[in-house]
Amino acid sequence: DVQCCFESIDQKRVLEIVKDILKESYYAIHKYDVVCQKGSTIYSFYKYYADSTDDFPNFPIFVRESAQKIPNSVFIDHIKESYLDREVILDLLEKHIKFVLTQLIDLPRGPFGISLFAIDQKKSPASSQLPK
């Protein structure tokens, strides 16, 4: 049932799975930009990666590995890492999941009873608590 597929996701189960995956107490979040050219168009992407504070790679090594996937690119390091503890991450995820599913449930149905949607990440209550 396409109309209700997202509404039937068991939120508690998703959070349980993430709790099982997140084993460390703290995680480091590293922000960077990627600028690349495809044809005559230049694209810029704001990105970040997260890892445990023990396994956190240094940026030059990360760029060398990533540049193979995105050739002809420039990586711009934001230098400052942010750190979040496991409980904060789980709290943010729970708020975000509830926000997204609330948005889906409240959407009017389009043609053929299908909801077409786009979630504005900036409106999520979890986005205001992410490190800047």
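Me: Two residues are in contact when they have heavy atoms within 4.5 Å of each other. Against which elements do the buried residues of α2 pack?

Reply: The model considered here is predicted. In α2, the buried residues are Phe-59, Phe-62, Val-63 and Ser-66. They cover an arc of only 100° around the axis, which puts them on the same side of α2. The elements against which the buried residues of α2 pack are β1, β2 (41–52) and β3 (73–85).

Me: Which element gives the most to the largest nonpolar core?

Reply: This core has seven residues, namely Tyr-32, Val-34, Tyr-49, Phe-59, Phe-62, Val-63 and Phe-75. Two or more of them come from each of β1 (26–38) and α2 (59–67). With three residues, the element that gives the most is α2.

Me: Leaving aside neighbours within four places in sequence, with which residues is Tyr-32 in contact?

Reply: Tyr-32 is a member of the largest nonpolar core. Among its contacts are Phe-59, Phe-62 and Phe-75, and these three belong to that core as well.

Me: In what order do the elements of the protein chain run from the N terminus on?

Reply: The protein chain contains three helices and three strands. Read from the N terminus, their order is α-β-β-α-β-α.

Me: What percentage of the 132 residues in the protein chain is buried?

Reply: A residue counts as buried when its relative accessible area is under 20%. Among the 132 residues of the protein chain, the buried share is 25%.

Methods:
Residues are numbered from 1 along each chain as its sequence is written. This is a predicted model: local features need pLDDT of at least 70, side-chain atom pairs count only at pLDDT 80 or more; totals for chains, interfaces and linings use all residues. Side-chain values use heavy atoms; hydrogens and water are left out. A nonpolar core is a set of buried Ala, Val, Leu, Ile, Met, Phe, Trp, Tyr and Cys residues joined through side-chain atoms within 4.5 Å. Buried means under 20% relative accessible area, exposed over 50%, partly exposed in between (1.4 Å probe, protein chains only). Helices (H or I, at least four residues) and strands (E, at least two) are DSSP runs, numbered from the N terminus. The arc is that of the directions from the helix axis to the C-beta atoms.
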